[in-house]
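Please have the viewer open as you read.

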There are 2 protein chains.
Amino acid sequence: MNIGEAAERSGLPPKTIRYYEEIDLVIADRRENGYRDYSDVHIHKLSFLRRARGLGFSIPECRLLLSLYEDTDRSSSDVKALALSKVAEIDQKISELAGLRQTLKTLSDKCHGDDRPDCPILDDLSKAP
Amino acid sequence: MNIGEAAERSGLPPKTIRYYEEIDLVIADRRENGYRDYSDVHIHKLSFLRRARGLGFSIPECRLLLSLYEDTDRSSSDVKALALSKVAEIDQKISELAGLRQTLKTLSDKCHGDDRPDCPILDDLSKAP
DNA sequence: CCTTGACCTTCTAGTGACTGGAAGCCACAT
DNA sequence: ATGTGGCTTCCAGTCACTAGAAGGTCAAGG
């Protein structure tokens, strides 16, 4: 499929997809006319990148995460350890998000009309590491 | 307190803190000698920014989130709606992270030694929106 | 067959969010 | 008083896009 459809299916703009190719993240096949050609596997990777990037993982980190799927020697304990360390990282992110959510929820539920700077929510704000 | 201690306490590098001042996100007081001077409230905001940025919120979004705390007219339904929409956004992020976590966990638990491209994990990869 | 318009290509340049380095002021210890 | 370290501003560079220009490709309609 062409880049347009790939963009639509992965949720990434075409420009970004070309950029990801430029930096060797996801390299499309080429047709005879020079057009990029995407398969379902490409779409999987691109969707994955969109998700991971949106969640605050850097490009090098994404490259690493992607390599977990590309590495054919998956039983390697290095790869496994890497995956597990990423799992821990994600758990951390989830708990930070949960804290942020709690803060915001409390704000919208309870804190209406009073004025700031000694609002209890602000105290809560810097609790997470 | 000086920027150095503020950096240590908030977990942000001094450069970033100065940058946040430059773009009017968090403006420190100044001492007579020209040094920036930070209070606990500043630290709260900076820590909050560190967390929110690390979780993939853009600067404009952070500005918005911060404004929720600065807005003295909190009962305003606009502000409340905004907070709730952010809560929904965070729920979304959390569920994406949970999916990513699941993918990685499964990978490290079950998928060792076989070779790619029809690994069931890859199929799972693009499930989330 | 020709044109129109949507979609593709590459290239250069600009933006957002930092980040590093230079040059110089300030504060405190030896 | 002189180093040492932290502070200041400013300018330049990087990363991850993103917009725009100039041009090639292709399916549909006249």
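## Terms and ground rules

For sorting residues by class, Ala, Val, Leu, Ile, Met, Phe, Trp, Tyr, Cys and Pro count as nonpolar, Asp, Glu, Lys and Arg as charged, and the others, Gly among them, as polar. A residue is near a strand if one of its heavy atoms lies within 4 Å of it.

This is a predicted model, in which local features need pLDDT of at least 70 and side-chain atom pairs count only at pLDDT 80 or more, while totals for chains, interfaces and linings use all residues. Residues are numbered from 1 along each chain as its sequence is written, chains are lettered from A and ligands numbered from 1 in the order in which they are written, and side-chain values use heavy atoms, with hydrogens and water left out.

## Around DNA strand C

By class, the surface near DNA strand C holds eight nonpolar, five polar and five charged residues. Of the atoms of DNA strand C that come within 4 Å of the protein, 73% belong to sugar and phosphate. Helices and strands here are DSSP runs (H or I of at least four residues for helices, E of at least two for strands), numbered from the N terminus. At least two residues of the surface near DNA strand C come from each of α1 (3-10) of chain A, α2 (14-22) of chain B and α4 (59-70) of chain B. The most, four residues, come from α2(B).

Next come the polar contacts, meaning pairs of N or O atoms within 3.5 Å; within protein, one must be able to donate a hydrogen and the other to accept it, and residues adjacent in sequence count only if both atoms are side-chain atoms. A polar backbone atom of G4(A) is 2.6 Å from a phosphate oxygen of DNA strand C.

Buried means under 20% relative accessible area, exposed over 50%, and partly exposed in between (1.4 Å probe, protein chains only). I17(B), Y20(B) and E21(B) are the buried residues to look for in α2(B). Seen down the helix axis, the buried residues of α2(B) fall within an arc of 100°, so they line one face of the helix; the arc is that of the directions from the helix axis to the C-beta atoms. On the face turned away from the buried side, you will find the exposed residues K15(B) and E22(B). After α2(B) comes D24(B), with a positive phi near 60°.

## Around DNA strand D

Which residues come nearest to DNA strand D? Of the 17 residues around it, they are K15(A), Y20(A), N33(A), G4(B) and R36(B). Sugar and phosphate make up 68% of the atoms of DNA strand D that come within 4 Å of the protein. By class, the surface near DNA strand D has seven nonpolar, five polar and five charged residues. The helix that gives the most to this surface is α2(A), with four residues.

One contact here reaches a base: a polar side-chain atom of Y35(A) lies 3.0 Å from a base nitrogen of DNA strand D. Phosphate oxygens of DNA strand D are approached by a polar backbone atom of I59(A) at 3.5 Å and by a polar side-chain atom of R18(B) at 3.1 Å.

## Inside the protein

Chain A has six helices and two strands, which run α-α-β-β-α-α-α-α from the N terminus on. Of its 129 residues, 43% are buried. A nonpolar core is a set of buried Ala, Val, Leu, Ile, Met, Phe, Trp, Tyr and Cys residues joined through side-chain atoms within 4.5 Å. The largest such core has 64 residues, of which Y38(A), F57(A), Y38(B) and F57(B) touch the most other members.

Contact means heavy atoms within 4.5 Å. Beyond its neighbours within four places in sequence, Y38(A) is in contact with residues including M1(A), I17(A), A28(A) and L46(A). M1(A) sits in the segment before α1 of chain A and is buried, at 16% relative accessible area. The C-alpha atoms of M1(A) and D40(A) are separated by 9.0 Å, although the two residues are 39 residues apart along the chain. H42(A), in helix α3 (residues 40-54) of chain A, counts as buried at 10% relative accessibility. Leaving out residues up to four places away in sequence, H42(A) touches V26(A), I27(A), A28(A), D29(A) and D37(A).
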